[in-house]
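This briefing sets out the main features of one structure, grouped by topic. Please read it alongside the sequence and the coordinates shown below.

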Amino acid sequence: MTTQTPRTLGTTGPQVSPLGLGCMGMSALYGHADRAESIATIHAALEAGVTLLDTGDFYGMGHNEMLIGEALRSAPAARREQALTSVKFGALRGPDGSWIGYDGRPAAVKNFAAYSLQRLGVDHIDVYRIARLDPDVPIEETVGAISELIEQGYVRHVGLSEVGAETIRRAAAVAPIADLQIEYSLISRGIEESILPTTRELGISVTAYGVLSRGLISGHLGRDRQFAADDFRQHSPRFQGDNLRHNLDLVEALRKIAEQKGVSVAQLAIAWVLSRGDDIVPLIGARSRERLAESLGALDVVLDAADLAVIEEAVPAGAAAGERYAAAQMAHLDSER
């Protein structure tokens, strides 16, 4: 990975690499993933200097944490020691994989952490956060429970995920917040209105997921692509019918810009997120070493003011067609309220 100045999560959080690795797709929501290739990809990321590994205890109902644990155990000691874990908890799943709610009760927070520590094979979690706000439990109670885990040595830093400005302020009044994890990309720019100004005011960084919008703006998605039945995109509004056709037209506009700069569409899209500020750490969701190498190439892409203006003209804020989640899932997003 190109050497770049490490980025710090918040004012009190750890230093991390400019890009983090989001490991969800290695276990869930995007169809079959090859286990050996997934572990090789994590190893390659660590070897390239990536330090932040992001997961959730509900990704594959524990599968993803066990996968990361296996990758860490089999990595060289020096690489294993540089790895930082970011874990989301609280999403409840049924045996059939259905989503059945969120649990942010203090006792549940500690219970979830105990299982995650065991599956990951680590003695502490670097950044711990509830995946979505539990509407029945004040965020102050959830953050307070994480703070107790910090006092006990099981967690290093408090994180948040997909919450709005008011919730961020309430959480920050209880304990220092390292970062907010939230979707942010060229076609998902909702945080710019009130959330990003709030995190910057409070000294909280952002780990941005969905920087390629689940492959939509990767440049690799064909108009005739068929998704597996267990692929999240099968039901995602942005991947349906006229929405998909419209969004892929945006990708073609980006492709022209990328070709002029001699980079890939994915590299251009990731570089755009990197350009938004040193307080933003993009999470790349590579499931193979090939895609990982492409994504890391974004670190070599320099976007000047003229480049950014051309990109903004091609894909202005709000240009995407369709919501980023189906209606039922959108209802759970505190950040959209």
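Leaving aside its neighbours within four places in sequence, with which residues is Thr55 in contact? In this predicted model, Thr55 is in contact with Asn64, Glu65, Ile68, Ser86, Val87 and Lys88. Thr55 belongs to strand β4, one of the 8 strands that close into a barrel.

**The barrel**

- The barrel is formed by 8 strands in the order β3-β4-β5-β8-β9-β10-β11-β12, and their pairing is parallel.
- On average, neighbouring strands of this sheet are turned by 30 degrees against each other, direction ignored.
- Strands of a sheet pair through backbone hydrogen bonds, in either a parallel or an antiparallel sense.
- Strands β4 and β5 run parallel and are joined by 5 bridges.
- On its way to strand β8 (residues 125-130), β5 makes 4 bridges, again with the two strands running parallel.
- Between β10 and β11 there are 5 bridges in the parallel sense, and Ile182 stands opposite Ala208 in β11.

**Thr55 and strand β5**

- With a relative accessible area of 1%, Thr55 is buried, because this value falls under the 20% limit for burial.
- Strand β5 is mostly covered, with 6 of its 6 residues buried.
- In a regular strand the side chains alternate between the two faces of the sheet.
- In β5, Leu84, Ser86 and Lys88 point one way, while Thr85, Val87 and Phe89 point the other way; all are buried.

- Helix α7 lies across β10, β11 and β12 (280-284), and runs at about 165 degrees to β10.
- The axes of α2 and helix α4 (residues 106-120) come within 7 Å and cross at roughly 40 degrees. The two helices are therefore oblique to each other.
- Where these two helices meet, Glu65, Met66, Ile68 and Gly69 come from α2, and Ser116, Arg119 and Leu120 from α4. By class, this contact has 3 nonpolar, 2 polar and 2 charged residues.

**Salt bridges**

- How many salt bridges does the structure hold? There are 20 salt bridges.
- Side chains of opposite charge can pair when their charged atoms come close.
- One of the salt bridges joins the side chains of Glu183 and Arg214, at 2.8 Å from N to O. This pair links distant parts of the chain, 31 residues apart: Glu183 is in strand β10 (residues 177-183), and Arg214 is in the loop between β11 (205-209) and α8 (241-261).
- Both partners are buried: Glu183 has a relative accessible area of 2%, and Arg214 is at 13% relative accessibility.
- Arg189 forms a salt bridge with Glu312, with the closest N and O atoms 2.9 Å apart. Arg189 lies in the loop between β10 and α7 (195-202) and Glu312 in helix α11 (residues 305-314), so the bridge ties together parts that are 123 residues apart in sequence.
- The side chain of Arg189 also meets that of Glu192 in a salt bridge, at 3.1 Å from N to O.
- Is Arg189 buried or exposed? At 13% relative accessibility, Arg189 counts as buried.
- Arg189, Glu192, Arg276 and Glu312 are linked in a network of salt bridges.

Notes: Residues numbered from 1 in each chain as written. Predicted model: local features only at pLDDT ≥ 70, side-chain atom pairs only at ≥ 80, totals over all residues. Heavy atoms only, no water. Salt bridge = Lys/Arg side-chain N within 4 Å of Asp/Glu carboxyl O. Buried < 20%, exposed > 50% of the residue type's maximum accessible area, 1.4 Å probe, protein only. Pairing = 2+ DSSP bridges. Axes fitted to C-alpha atoms, helices over the stretch in contact; angles between N-to-C directions. Contact = heavy atoms within 4.5 Å. Parallel < 35°, antiparallel > 145°, perpendicular 65-115°, else oblique. Nonpolar A, V, L, I, M, F, W, Y, C, P; charged D, E, K, R; others polar.
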